[in-house]
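We'll go from stop to stop, with what to select and what to look for.

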Amino acid sequence: MYLRIVDALATDIAGGRLHRGQQMPTHRALAATLKLDLTTVTRAYGEARRRGLLDARVGRGTFVSETSARAPADIPFQIKVDLSMNVPPQPMEANLDTRIALGLKSIQDQSSFSAYLNYLRPGGSDEEREVAAKWLRTRVPNASADRLIIYPGNQAILFNALLALTAPGDVVITEALTFPGIKAAAEKLRVHLIGVPMDADGVQPDALRRACERHNPKAVYLTPTLHNPTTATLSPERRKAIAGIIRKAGTFLIEDDAYGMLEPAASPIANLIPERTYLAVGLSKCIAPALRVSYLLVPDAAAELTLRSNLQATTLMPAPLMVALVTHWLRSGVANQIIQAVRNEAAGRQKLAAKFLKGLPFATQPNSHHLWLSLPRRWNSRGFLSHVARHGMALVGEDTFAVGDTSSHAVRVSLGAARNRAELAAALQFIAAAMKSSVASPQIV
């Protein structure tokens with residue numbers, strides 16, 4: 001019986017009869033209404049909390065959860081609040097469970113699942129690429145299907161782009177702090193990364209110019225929008241300057257637009273130098289990581305043939321059923337609705353961060369999933385990370401992102417992974433207190 005109550009709750013939340021943040025009846029009131037034993041209702045509420053359907057707030061009662069994310073008991077390694085993974089929040093408004101089910105049903109009704117259970121053309125069908133190109137044209141007006149390849153995630157794009165543009169020993173320039181995925185790909189391909197200085201507005205054009213003149217790089221890798229980890233977003237003027245530097249250097253830009261859909265007004269550098277840009281647009285940061293669907297716009301037909309061949313040799317193809325689902329969402333407008341819900345939730349969580357971290361030095365943007373928190377001199381990043389980990393929380397320090405030596409003394413706080421705003425608020429309160437406290441003595445075993 002208690003499981004029937006939980007299933008009914010899940011159905012009503014998915015159907016919109018119960019909405020995010022709505023207060024639930026007390027255990028005793030619901031037991032009386034259903035004419036059940038109080039223990040049965042208590043057990044049902046406990047299971048619903050474990051599944052992430054409900055949240056209990058001390059002194060206030062039980063509420064419909066703000067998110068569909070998993071319960072903390074399901075998180076490995078005893079980390080109960082993991083603010084290390086930069087994932088999008090899962091607000092109820094995104095309604096992913098229902099939209100996945102409805103999308104798959106539509107696919108099944110139209111062509112059956114069996115059509116997507118075989119080997120398909122690497123890089124996507126003509127129709128899938130055309131739908132994706134049309135969607136991208138809101139930010140990249142010259143996006144065309146014949147220059148677009150569908151990949152299983154941005155990481156596969158980065159690896160294959162480096163594979164196409166470099167040989168072992170070649171140099172690729174990036175920001176002094178950069179995405180760990182490009183570091184991992186470069187290491188496997190024995191490509192040498194050179195980091196160039198940044199300021200509050202992102203990579204410094206003069207430093208990039210000098211690095212290009214000195215190292216003659218085969219490519220430049222940048223995240224111009226909501227940079228990971230600093231959140232810096234390049235101004236239009238700086239984007240124009242960087243485009244000119246890359247054109248003059250005769251090199252190529254690998255532009256990681258993983259966060260671009262969270263800041264749609266920011267025009268990709270690819271719009272300035274399409275003939276020299278490999279633009280990677282993923283859904284992991286604006287919808288969900290496990291979809292593993294990303295889009296690569298390449299400069300020309302020759303590059304398209306090379307990158308499609310690389311895809312076939314490394315991962316063959318993205319999962320056809322996931323591509324079909326995403327294509328259905330793009331065509332119907334559902335993808336934009338989900339992205340808007342994620343963007344709204346990101347903005348709400350940033351407001352929480354501004355409240356609880358008020359007076360502390362951090363860099364962020366209104367729609368970012370993360371912030372870059374500068375530590376006081378009495379803390380080093382490893383000591384601070386160890387301290388919060390002993391209290392069941394995970395963050396990421398600057399060593400993870402550094403290319404060469406860096407003077408940065410900060411940690412990345414990812415706001416999207418907290419199950420709901422209440423959990424995030426508690427985590428931010430702890431971080432603020434830790435920042436203001438004396439350095440904890442190291443744990444000795």
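**Stop one: a right-handed crossing**

Helices α13 and α14 cross in a right-handed way (right-handed if the near helix is turned clockwise from the far one by less than a right angle, left-handed if anticlockwise). Before you go on, some ground rules: this is a predicted model, where local features need pLDDT of at least 70 and side-chain atom pairs count only at pLDDT 80 or more, while totals for chains, interfaces and linings use all residues. Residues are numbered from 1 along each chain as its sequence is written, and side-chain values use heavy atoms, with hydrogens and water left out.

Select 381-390 for α13 and 421-436 for α14: their axes come within 11 Å and cross at roughly 135°. That makes α13 oblique to α14. For the labels, angles under 35 degrees count as roughly parallel, over 145 as roughly antiparallel, 65 to 115 as roughly perpendicular and the rest as oblique. Axes are lines fitted to C-alpha atoms, for helices over the stretch in contact, and angles run from 0 to 180 degrees between N-to-C directions. Helices (H or I, at least four residues) and strands (E, at least two) are DSSP runs, numbered from the N terminus.

Now show side chains. From α13, Phe384, His387 and Val388 meet Phe430, Ile431, Ala434 and Met435 of α14; contact here means heavy atoms within 4.5 Å. These contact residues divide into six nonpolar, one polar and no charged. In this scheme Ala, Val, Leu, Ile, Met, Phe, Trp, Tyr, Cys and Pro are nonpolar, Asp, Glu, Lys and Arg are charged, and the others, Gly among them, are polar.

Go to α8 (205-215) and α9 (236-249), whose axes come within 10 Å and cross at roughly 10°. They are therefore roughly parallel to each other. On the α8 side, pick Pro205, Leu208, Arg209 and Cys212; on the α9 side, Arg238, Ala241, Ile242, Ile245 and Ala249. That contact splits into seven nonpolar, no polar and two charged residues.

Next, select α4 (96-111) together with α11 (320-332). The two pack at an angle of about 105°, with their axes 10 Å apart, and are therefore roughly perpendicular to each other. Leu96, Arg99, Ile100, Gly103, Leu104, Ser106 and Ile107 of α4 touch Leu321, Ala324, Leu325, His328 and Trp329 of α11. The tally here is eight nonpolar, three polar and one charged.

**Stop three: α7 and its two sides**

Select 180-188, which is α7, and color Gly181, Ile182, Ala185 and Ala186: these are its buried residues. (Buried means under 20% relative accessible area, exposed over 50%, partly exposed in between, with a 1.4 Å probe and protein chains only.) Look down the axis of α7: the buried residues fall within an arc of 130°, so they line one face of the helix. The arc is that of the directions from the helix axis to the C-beta atoms. On the other side of α7, Glu187 and Lys188 are exposed. Bring up the cover as well: it includes α6 (154-165), β6 (192-196) and β9 (219-222).

Which residues does Ile182 contact, leaving aside its neighbours within four places in sequence? Select Leu158, Leu162, Leu193 and Tyr221 to see them. Ile182 counts as buried because its relative accessibility is 1%.

Most residues other than glycine have a negative phi, and most peptide bonds are trans. Just after α7, Arg190 takes a positive phi of about 55°. Arg190 sits in the loop between α7 and β6 and is exposed, with a relative accessible area of 60%.

Move to the loop between β9 and α9, where you'll find Thr231.

**Last stop: α5**

Finish with 126-136, which is α5, and color the buried Glu128, Arg129, Val131, Ala132, Ala133, Trp135 and Leu136. Those buried residues pack against β4 (148-151), β11 (277-282), β12 (294-297), α10 (301-314), α11 (320-332) and α12 (334-356).
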